[in-house]
Amino acid sequence: MDFISALLKSKNEWKSSNVLFLGEKEILAALDEHENIIAVGKARACISSSGILAAEDWEMNEEKQSIEVLYLIPADVKPGDRCRISEIESSALPLPPDYHVGQIVCQDNVFTISSKTGKPSISGSYAVIDEQLSSAAHTYYTRGIAVNVLERYYYEFLAERHQLYLREERAKQKRRERQKQARQAKEKFDMKLMQETDKDFAMGIDAHLSELQYQNHVCTKTGYIFREGHQRVGLMHYCILWDNLPFLNFIYVIETHRNKGIASKAMKAWEEEMKKQGYSMVLLSTQVNEEAQHLYRKLGYIECGALLLNNTPLEQPMEMFMRKVL
C-alpha cells in the first residue's frame, strides 16, 4: 500500500520528467493520456512441482518465492484512498515467473512491457489489459493457475485482443478522418460565376435584382455565388463604370454563415479576378450607417466621395463611396 501511495503522490513530478523515482530507486511504471497507471511491483507466490502458481496466502507446502506483478491504477485513485489501493494490491496481475520486466512505456495509450530475458513483449491499452487478464488474476488468487496457462493469457489471448484493438483504433481513425474531410468539404469556401440554376437563390436574396438584370450578370459574367461545400451561402455582383472601373453593386452572406470570413474571402477573390482582367482599381459604396464599411476599411478601401439623395424619390442615408487600388 505504501508503494502505490508513494507512486500516486509523485505522479505530477513524474508526468513532467517521464521517469519515476521513489527515494533513489527508479520505478518501472507508465501512465496513459487519461493518467491511468500500470506499475511493476513485487509479490510473494508459491509454485508447485506441477507448475501451479498461487498467491502467497494459498495453502501450499511449496516454498515461497518472489514474482513480479502489474498494478493497474485507475486515474481517479488518490494517495489517501486506502480501500481502493488495498483492492488494487489484492488484484494485481501476476506475471509469468521468469518474465523479469526490463521496461514499461506508454505511447498512444498503448502500454508496452518488455522482458529482460527475451520473452515476448506484452502490449495493450489499459482497458484491454484489465479486461483480458482479470480472470487470470482471479484464478491465481482463488485456486492457483498453471504457469503455461498464465503465459497463454499474456502471449496469446492478450496479444490477439490487442491486435483487434489496433484494428478497431485504425477503423476509428479512418472514420474520424473521413468525418473531418466531410466537414472540411462542407465548410470549404468556393466562389463560382452565377448560373441559370442560381436564379431563384439570387433573386430571393436581392430584392432589387430583376430577372433581366440577373440574365445580364450571367451573360456578362459579372455575378458570383458563394458556396460552402454544396450549399449556397451568399452572392455578389458588379458592373463596369466608364468601361474601366469595376463597381461592386451588391454582396451578401446569409445570416447563419456570417462571421466565418466568407465576405472577406469573396472580396479578395473578386479583387484578384479584376486584377487578372487588367483593372487597376475597384470601387464600391455603402450607406454611412451600415456596418459593412468596417469590413471594407480592413480590406484596404478608403473613402473617395459621397452621394446625397435628400428630397428625391430615392432618399436614403448618405451613400459613401470607397476605392481600392489593386
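I37 lies in strand β4, which covers residues 37-47. The model is predicted. The relative accessibility of I37 is 0%, so this residue counts as buried. F111 is 74 residues away from I37 along the chain, yet the C-alpha atoms of the two are separated by 9.5 Å.

F111 leads on to another element. Strand β9 spans residues 110-115 and pairs with β8 in the antiparallel sense. Six bridges hold this pairing. Within it, I104 stands opposite I113 of β9. The sheet is open and has three strands, ordered β8-β9-β10, with antiparallel pairing. β8 (101-107) and β10 (122-124) each have a single partner strand, so one side of each is left without a neighbour in the sheet. From one strand to the next, the twist averages 10°.

**The seven-strand sheet**

A second open sheet has seven strands. Their order is β12-β13-β14-β15-β16-β18-β17, and the pairing is mixed. Its edge strands are β12 (189-193) and β17 (302-307), each pairing on one side only. Neighbouring strands here are turned against each other by 30° on average, direction ignored.

Which strand does β16 join through seven bridges? The partner is β18, residues 319-325, and it runs antiparallel to β16, residues 281-287. V282 stands opposite K324 in β18.

Helix α8, residues 262-276, packs on this sheet. The direction of α8 makes about 160° with that of β15. The helix touches β12, β16 and β18, along with the three strands tabulated here.

| Strand touched by α8 | Residues |
|---|---|
| β13 | residues 223-228 |
| β14 | residues 231-241 |
| β15 | residues 245-253 |

**A helix pair**

Helix α1 (residues 2-9) meets helix α3 (residues 82-90). Their axes come within 9 Å and cross at roughly 115°. The crossing of α1 past α3 is right-handed. On the α1 side, the contact is made by D2, I4, S5 and L8. On the α3 side, the residues are I85, I88 and E89.

**Aromatic rings**

The structure holds nine aromatic pairs. One of them joins Y153 and F157. How are these two rings arranged, and at what distance? The pair is edge-to-face, with 5.2 Å from centre to centre and 90° between the planes. Both residues belong to helix α5, which spans residues 147-187. Because Y153 and F157 are four residues apart in that helix, about one helical turn separates them.

Is Y153 buried or exposed? The relative accessible area of Y153 is 18%, so this residue is buried, the cut-off being under 20%. F157 has 28% and is therefore partly exposed.

Elsewhere, Y224, Y238 and W270 form one aromatic cluster. The stated residue ranges place each member. Y224 falls in β13 (223-228), Y238 in β14 (231-241) and W270 in α8 (262-276).

The charged end of R258 lies over the ring of Y252, 5.1 Å from its centre.

Terms used. Residues are numbered from 1 along each chain as its sequence is written. This is a predicted model: local features need pLDDT of at least 70, side-chain atom pairs count only at pLDDT 80 or more; totals for chains, interfaces and linings use all residues. Side-chain values use heavy atoms; hydrogens and water are left out. Rings of Phe, Tyr and Trp (its six-membered ring) pair if their centres lie within 6.5 Å; planes under 30 degrees apart count as stacked, over 60 as edge-to-face and the rest as tilted. Helices (H or I, at least four residues) and strands (E, at least two) are DSSP runs, numbered from the N terminus. Buried means under 20% relative accessible area, exposed over 50%, partly exposed in between (1.4 Å probe, protein chains only). A charge sits over a ring if NZ of Lys or CZ of Arg is within 6 Å of the ring centre and within 35 degrees of the ring normal. Two strands pair if DSSP finds at least two bridges between them. Axes are lines fitted to C-alpha atoms, for helices over the stretch in contact, and angles run from 0 to 180 degrees between N-to-C directions. Contact means heavy atoms within 4.5 Å. A crossing is left-handed if the near helix is turned anticlockwise from the far one by less than a right angle, and right-handed if clockwise.
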